[in-house]
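Keep the structure open beside you as you read.

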Amino acid sequence: MAGIEPVVTVDVGDRRPTVGHPTGIAVAVTDVDGIPLPGARLELVVDGELRDIAIADGDGRATFTLDRPTGPANEGGYDSIQVQVATTDVVSRPTGVFWQPDESRRITISVSPDSSHSGKVRTITAQVVDGNTPMAGRTVELHIDGTLAGRAPTDDDGTATFTLRKQVHGPFDLAKVVLVGDRSVASNEVLISWPLSTRGVHGSNDWEIVWRDEFGGTSLDASKWRAINNCPPVYLACDTDRPENVEVSDGLLRLRSLREPYAGTNKWTGSGSQFGPLTSFTEGDFLQRDFTAGRVDSTRDFTYGRYELLGKLPQGHGTFFAFWMRPRNSEYGNDAAGGEIDIAEGANIGRGGNRRGQIDAQLPGDGWGVHHVVHMGYPFTNPFTLTNLPVNPAESFHLYAVEWDTASIRFYVDDERVLTVPQSDWFSHPRDDEEPVENPYAPFDQPFFIVINNTIGNWALETWPGNQVPDTTVFPAEFVVDYIRVYECRPPAGTSVPGPGQGCETP
């Protein structure tokens with residue numbers, strides 16, 4: 001096939017098949033002009049290992065079949081599938097399959113009322129069935145954010161009812177019902193939203209919603225977000241825009257990190273060793289990674305306002321999530337000189353014990369840490385704090401927010417303000433051989449865009465021996481986002497405010 005430059009495409013009929021029920025993998029091989037290449041020898045590669053071989057027919061097509069997960073590359077029944085033209089380096093883009101257990105016994109759960117922040121009492125109803133037959137006289141448990149909250153028997157219809165009179169761990173509780181005696185039979189998780197005592201998601205303090213995404217569709221809204229394709233040298237994963245890594249379903253955005261081989265291009269501009277010797281880079285470098293990840297950037301830029309994310313964080317040694325903001329083209333320069341607002345982030349670099357002084361980790365100990373920081377410089381200056389939550393944020397939803405105006409940058413988790421960086425601390429200094437910027441509001445008077453990402457590894461891990469190797473049992477690792485909301489401060493007409501964006505500060 002020398003000189004014809006084959007192209008291989010793969011179509012999986014069911015991306016979420018049931019274990020034991022075959023799913024077909026349709027393959028087509030053509031030249032660059034789309035002309036079929038009959039007789040091509042095609043190899044099915046699953047999780048990096050050769051699994052099957054087929055010969056393309058007269059239309060350049062072949063079919064493979066899988067009926068169950070084939071390897072241990074990821075917990076949770078995920079297979080990364082590629083098809084390669086034998087004896088060449090031509091290979092298809094990876095396609096993922098998420099295997100679902102073949103279980104006739106299941107639990108469905110509902111919450112009433114299900115409207116956000118309504119009422120003080122919730123009724124949680126669970127029905128347990130085996131096929132179409134109700135499972136009567138069984139005991140089920142209600143778990144809230146992973147904590148046992150009650151037990152109840154099922155009636156003749158296989159139904160059990162729980163009453164929750166107040167929030168358990170926070171303004172956002174996660175409910176799940178499991179069958180006593182066989183905990184593999186469990187419901188999906190359902191979010192319960194309680195009223196916030198501060199402004200939060202309801203409109204007061206003169207904040208007005210100007211931009212939002214509730215992720216109610218079946219795909220990412222391209223008018224609001226751009227999914228990123230990049231293999232940045234600072235991380236151990238390549239970002240892709242595949243639905244395996246960036247998925248919108250059931251009213252949620254799921255940014256998913258996966259353990260799978262992937263090769264791509266570094267699209268960082270320029271070259272250098274900004275983050276140390278292990279992350280020296282040159283734009284356009286072709287990089288091979290053992291992980292893929294999801295990242296989305298907002299298409300719109302903002303200056304000042306309140307920015308909220310309601311989400312559940314990923315967990316596992318080596319995972320790194322972030323909800324942050326940065327300028328697209330700041331007049332003050334790149335990196336710290338242009339400023340960065342990390343509303344919530346976490347680099348899981350430890351395996352337990354006291355984490356004070358570390359970056360952050362969703363691990364048991366004296367709480368679960370979420371990091372909040374403002375980057376500016378030069379030299380690199382990072383006012384920050386670490387919020388220790390009483391419940392694992394990988395098992396519960398929380399509201400992460402920042403308020404940014406010309407007076408300060410203020411960080412919040414649920415009802416609580418956790419960090420304030422006043423305008424008097426702001427500064428921008430591009431480099432040692434340049435003068436500091438003579439603007440007291442620099443670099444935070446420029447438009448910033450929103451970034452949400454869930455990747456693997458982080459530049460800071462270079463200083464922690466052994467922490468470059470993630471825990472391979474946590475995959476797929478998901479950052480689950482219920483919504484993003486952006487507010488502008490709109491004080492009543494005639495109200496005198498000190499400066500742009502001010503007048504709506506949440507205590």
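## Disulfides

C489 is buried, with a relative accessible area of 15% (buried means under 20% relative accessible area, exposed over 50%, and partly exposed in between, with a 1.4 Å probe and protein chains only). This is a predicted model, in which local features need pLDDT of at least 70 and side-chain atom pairs count only at pLDDT 80 or more, while totals for chains, interfaces and linings use all residues. Residues are numbered from 1 along each chain as its sequence is written, and side-chain values use heavy atoms, with hydrogens and water left out.

The partner of C489 is C504, and the two are joined by a disulfide with an S to S distance of 2.0 Å (a disulfide is a pair of cysteine sulfur atoms within 2.5 Å). C489 lies in strand β34 and C504 in the segment after β34, so this pair ties together parts that are 15 residues apart in sequence (strands are DSSP runs of E, at least two residues long, numbered from the N terminus). The angle about the S-S bond is 85°, and the link of C489 and C504 is right-handed. C504 is buried as well, with a relative accessible area of 2%.

How many disulfides does a search of the whole structure find? It finds two. The other one is formed by C231 and C238, with sulfur atoms 1.9 Å apart. Its S-S torsion is about 110°, so the disulfide of C231 and C238 is right-handed. Both cysteines count as buried: C231 has 2% relative accessibility, and C238 has 0%. With the bonded cysteines of the protein numbered in sequence order, the pairing reads 1-2, 3-4.

## Salt bridges

Side chains of opposite charge can pair when their charged atoms come close. The count here comes to 23 salt bridges, taking a salt bridge as a side-chain nitrogen of Lys or Arg within 4 Å of a carboxyl oxygen of Asp or Glu.

R151 lies in strand β12 (residues 147–153) and E141 in strand β11 (residues 139–144), so the pair ties together parts that are 10 residues apart in sequence. Is E141 buried or exposed? E141 counts as buried, at 2% relative accessibility, whereas R151 is exposed at 55%. E141 also forms a salt bridge with R183 (2.7 Å, N to O). R183 sits in strand β15 (residues 182–186) and E141 in β11, so this pair ties together parts that are 42 residues apart in sequence.

Next, look at E214 and R485, whose side chains meet in a salt bridge (2.9 Å, N to O). This pair links distant parts of the chain, 271 residues apart: E214 is in the loop between β17 (207–213) and β18 (225–227), and R485 is in strand β34 (residues 477–489). E214 is partly exposed, with a relative accessible area of 30%, while R485 is buried at 10%. Elsewhere, R16, E247, R254, R256 and E478 are linked in a network of salt bridges.

## Nonpolar cores

In soluble globular proteins, nonpolar side chains tend to be buried together. The largest nonpolar core in this model has 41 residues, a core being a set of buried Ala, Val, Leu, Ile, Met, Phe, Trp, Tyr and Cys residues joined through side-chain atoms within 4.5 Å. Which residues have the most contacts inside it? They are Y307, I341, W404, I450, I452 and I484. Strand β34 gives the most to this core, with four residues.

Y307 is worth a click. Not counting residues up to four places away in sequence, Y307 touches several residues, including F302, F323, M325, W404, I450 and R485 (contact means heavy atoms within 4.5 Å). A second, separate core of 22 residues includes V8, V46, A54 and V97.

## A look at R326

R326 is placed in strand β26 (residues 319–327). At 28% relative accessibility, R326 counts as partly exposed. Leaving aside residues up to four places away in sequence, R326 touches G339, F448, F449 and V451. The C-alpha atoms of R326 and A336, 10 residues apart along the chain, are separated by 9.6 Å.
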